[in-house]
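Q: I have a structure open and would like to talk it through. Can we start with how the chains meet?

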Protein chains: 2
Amino acid sequence: MSLAEGSVLVGNKSVMNYVLAAVIQFNQGAKKVSIKARGRAISRAVDVAEIVRSRFLKDEVDVSSIKIGSEKVGEAGKERTISTIEIVLERKK
Amino acid sequence: MSLAEGSVLVGNKSVMNYVLAAVIQFNQGAKKVSIKARGRAISRAVDVAEIVRSRFLKDEVDVSSIKIGSEKVGEAGKERTISTIEIVLERKK
């Protein structure tokens, strides 16, 4: 499998699960991998990006963009707003 | 008091404490306010930035940059690496 752009949705599993998912996508040829998370998993997404960038693929990938935003979740009348993050890691030229 | 550049270090208090700290700094004349956090407070820092930007100072401030990084904490031999974030909010021209 080869893909130009990969993505990892970070949830409640341990950080290393998501680190490996991202590293595998780069090793399969992805030029970019988006690390996405919502709510309290946002801290973990930053950990994932930092570990990939500074340990597993040191000098090979860099953070190319970071975006934050908000999303409404829950049923009508019980809606909550939660924050989101998207960190794009990109293979260096 | 007037300052060109303010800063808010997000810790374990409730989100609204930090939101108000940032809003006050803008109201005192700050052109930029940096929202900084480490470790698990990173998710809260994103909440702070989103709430200031989309509710309290809607159409007045925007995210001008987001940086992530790592820091070593703890004594020698017991060092841990934790992630950091710095979100800069800037008053629109």
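This is a predicted model: local features need pLDDT of at least 70, side-chain atom pairs count only at pLDDT 80 or more; totals for chains, interfaces and linings use all residues.

**Where the chains meet**

Q: What area is buried between chain B and chain A?
A: First, some background. The size of an interface is often given as the accessible area lost when the parts come together. Here, about 1,300 Å² is buried between chain B and chain A. Carbon and sulfur atoms give 63% of that area.

Q: Which three residues of chain B supply more of its buried area than any other three?
A: Glu50(B), Ile66(B) and Ile68(B). They supply 42% of the area that chain B buries against chain A.

Q: Let's look at helices. At what angle do α2(A) and α2(B) pack?
A: About 115 degrees, and their axes are 6 Å apart. Helix α2 covers residues 42-56 in chain A and residues 42-56 in chain B.

Q: Parallel or perpendicular, then?
A: Roughly perpendicular, because angles of 65 to 115 degrees count that way.

Q: Is that crossing left-handed or right-handed?
A: α2(A) passes α2(B) in a right-handed crossing.

Q: Which residues make the contact?
A: From α2(A), they are Ile42(A), Ser43(A) and Val46(A). From α2(B), they are Ile42(B), Ser43(B) and Val46(B).

Q: How many of them are nonpolar, polar or charged?
A: The contact of α2(A) with α2(B) has 4 nonpolar and 2 polar residues, with no charged ones.

Q: New topic: chain A by itself. How many helices and strands are there?
A: Chain A has 2 helices and 4 strands. From the N terminus on, they run β-α-β-α-β-β. The C-alpha atoms of chain A fill a box of roughly 45 × 25 × 25 Å along the principal axes.

Q: How far apart are the axes of α1(A) and α2(A)?
A: They are 9 Å apart, and the packing angle is about 55 degrees. That makes α1(A) oblique to α2(A). The crossing is right-handed.

Q: Which residues of α1(A) and α2(A) touch?
A: The α1(A) side has Val15(A), Met16(A), Tyr18(A), Val19(A), Leu20(A), Ala22(A) and Val23(A). The α2(A) side has Arg44(A), Asp47(A), Val48(A), Ile51(A), Val52(A), Arg55(A) and Phe56(A). By class, the contact of α1(A) with α2(A) has 11 nonpolar, no polar and 3 charged residues.

Q: And in chain B, at what angle do α1(B) and α2(B) pack?
A: About 55 degrees, with the axes 9 Å apart. α1(B) and α2(B) are therefore oblique to each other. α1(B) passes α2(B) in a right-handed crossing. Among the residues in contact are Val15(B) and Tyr18(B) of α1(B), and Ile51(B) and Phe56(B) of α2(B). The contact of α1(B) with α2(B) divides into 11 nonpolar, no polar and 3 charged residues.

Q: Which residue does Glu71(A) form a salt bridge with?
A: Arg38(A). The closest N and O atoms of Glu71(A) and Arg38(A) are 2.6 Å apart.

Q: Where do the two sit in the chain?
A: Glu71(A) is in strand β3 (residues 61-73), and Arg38(A) is in strand β2 (residues 32-38). The two are 33 residues apart, so the pair links distant parts of the chain.

Methods. Residues are numbered from 1 along each chain as its sequence is written. Chains are lettered from A and ligands numbered from 1 in the order in which they are written. Side-chain values use heavy atoms; hydrogens and water are left out. Axes are lines fitted to C-alpha atoms, for helices over the stretch in contact, and angles run from 0 to 180 degrees between N-to-C directions. Angles under 35 degrees count as roughly parallel, over 145 as roughly antiparallel, 65 to 115 as roughly perpendicular and the rest as oblique. A crossing is left-handed if the near helix is turned anticlockwise from the far one by less than a right angle, and right-handed if clockwise. Contact means heavy atoms within 4.5 Å. Ala, Val, Leu, Ile, Met, Phe, Trp, Tyr, Cys and Pro count as nonpolar, Asp, Glu, Lys and Arg as charged, and the others, Gly among them, as polar. Buried area is the accessible area (1.4 Å probe) that two parts lose on being put together, summed over both. A salt bridge is a side-chain nitrogen of Lys or Arg within 4 Å of a carboxyl oxygen of Asp or Glu.
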